[in-house]
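Thanks for coming, everyone. Let's take a quick look at one model and its surface.

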Amino acid sequence: MPRRKNAAKRQSAQPRAGRGRHVAVSVDARQASLAVLAAETDRQLQDLIARRLALPVDKRMNFLRRRLPGGGSCL
């Protein structure tokens, strides 16, 4: 009767993608790319806030609205 392979043997038998492709990145390049990423994140956040503020009050404050049993709603 053949024995079953355990999970560790199955994982080691499967090829791993990207193995051995480590590229050395300088500290300055990493810090520069992280600074660019942080600036882009801040820009996107400001853009999101501006888009939401451009909406009418009832659209941007819909999380405050509660439904009433009679079919209406109130704040």
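First, a definition. Patches are made of residues with over 30% relative accessible area and no salt bridge; like charges are joined within 9 Å, and nonpolar side chains (Val, Leu, Ile, Met, Phe, Trp, Tyr) within 5 Å. A salt bridge here is a side-chain nitrogen of Lys or Arg within 4 Å of a carboxyl oxygen of Asp or Glu. Accessible areas come from Shrake-Rupley with a 1.4 Å probe, and for residues only the protein chains shown count as cover.

Now the caveats. This is a predicted model: local features need pLDDT of at least 70, side-chain atom pairs count only at pLDDT 80 or more, and totals for chains, interfaces and linings use all residues. Numbering starts from 1 along each chain as its sequence is written, and side-chain values use heavy atoms, with hydrogens and water left out.

Overall layout. The protein has 3 helices and 2 strands, running α-α-α-β-β from the N terminus. Those are DSSP runs, numbered from the N terminus: helices are H or I with at least four residues, strands E with at least two.

Next, the surface. How much of the protein counts as buried? Of its 75 residues, 0%. Buried means under 20% relative accessible area, exposed over 50%, partly exposed in between (1.4 Å probe, protein chains only).

The nonpolar patch: Val57, Met61, Phe63 and Leu64, together about 370 Å² of accessible area. Met61 sits in the loop between α3 (57-60) and β1. Met61 is partly exposed, at 30%.

Last, Arg67. Arg67 lies in strand β1, residues 66-67. Arg67 is exposed, at 68% relative accessible area. Leaving out residues up to four places away in sequence, Arg67 touches Gly72 and Ser73, where contact means heavy atoms within 4.5 Å.
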